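User: I'd like to learn how to read helix packing in a model. Could you walk me through it?

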Amino acid sequence: MWISFEMVINIVMTILYGYVYLSIFTAFFIGNIRRPVGFYIMYGLHIGFTVISTGVGFFVELHLFLSQLPFVVLTILAVVLLPLTIYSKNKRENLEGQLETANERIAELIVFEERQRIARDLHDTLGQKLSMIGLKSDLASRLIERDPQQALIEIKDIRQTASIALKEVRELVSDMRTTKFEDELMRISQILKAAEMEFIFEGDKETLQVPPLVENVLSMCLKEAVNNVIKHSGATKCEIAFHQNFKEIYLVVRDNGQGITKKQAWKTGNGLKGMRERLEFINGSFKIEGEEGTTLTVSIPVAITHQKVKENLKNI
């Protein structure tokens, strides 16, 4: 409204007194309009009214306008260029402010994601070891009167497991931990034995040919799956199958326990949530079936695994 009022004053003063330079002040205020639509409307109107009022002034006061013709031309150029310059400057400063805010937000998200990663790794690493310690402690307490020698062996295993857990936590904090699939299978067999479950493995672990990051994700998924079998299934047997072909990697963990309903499968806890996030990072997925016991199937496409890992690491 006030800029429109200034335009009216400019038109009157230009036609009657030749004060065309007043339009420069109006051009300055137009350049500070933030909304693009409002800016371009007022900018176009101001140029049009300035040119028209100057043309009318030549007919009304020809001698006056001819005497200051160079100044009139420079004023019209200023009316054209000044608003665009100020508007572009304000827009650039606004974008710089938004970029700074976005960078701060990205930094916060990176910290949050790193905390989430550490939380997942701690859950997957300590969960298995603490479960094993609890199972072996129960077993040792039952054997202490029947078979003291075997109970002593179990206690030594507990101490060894605690040492391994401490070592893995230190490596996790140092961001140096990479879990080998073959080593994880060995630990899985130990914890299943401690839980008095039959362990059956199908496949050739020697055929695993993937980047270390993918192998680490596969190992952590196996660890979480077996942890869930021990904690929730009530099973007496756990079967693990591993296959790799030129298209995909398959990891199947099956038990003969009480099974899981679709509703329970959707209500995933921190462990399965962390598994899903890890697999999404390398473009993998998993599904859970619970008709007879529970079957968890992890699949990772081989063809795009290397490319996907490189892209994600580059983005990080």
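User: Where does UniProt place the feature "transmembrane region"?

Analyst: The unreviewed UniProt entry puts it at residues 7-30, 37-59 and 65-87. UniProt positions follow the numbering used here, feature names are shortened, and annotations may be inferred rather than shown by experiment. Over residues 37-59 the chain is 100% helix and 0% strand, with end C-alpha atoms 34 Å apart. Helices (H or I, at least four residues) and strands (E, at least two) are DSSP runs, numbered from the N terminus.

This is a predicted model: local features need pLDDT of at least 70, side-chain atom pairs count only at pLDDT 80 or more, and totals for chains, interfaces and linings use all residues. Residues are numbered from 1 along each chain as its sequence is written, and side-chain values use heavy atoms, leaving out hydrogens and water.

User: How do I read a helix pair?

Analyst: Two packed helices are described by the angle between their axes and the distance between the axes. Here, the axes of H2 (residues 22-31) and H3 (residues 36-60) come within 10 Å and cross at roughly 170 degrees. So H2 is roughly antiparallel to H3. Axes are lines fitted to C-alpha atoms, for helices over the stretch in contact, and angles run from 0 to 180 degrees between N-to-C directions. Under 35 degrees counts as roughly parallel, over 145 as roughly antiparallel, 65 to 115 as roughly perpendicular, the rest as oblique.

User: What is the orientation of H7 relative to H8?

Analyst: The axes of H7 (residues 181-194) and H8 (residues 212-233) come within 9 Å and cross at roughly 10 degrees, so H7 is roughly parallel to H8.
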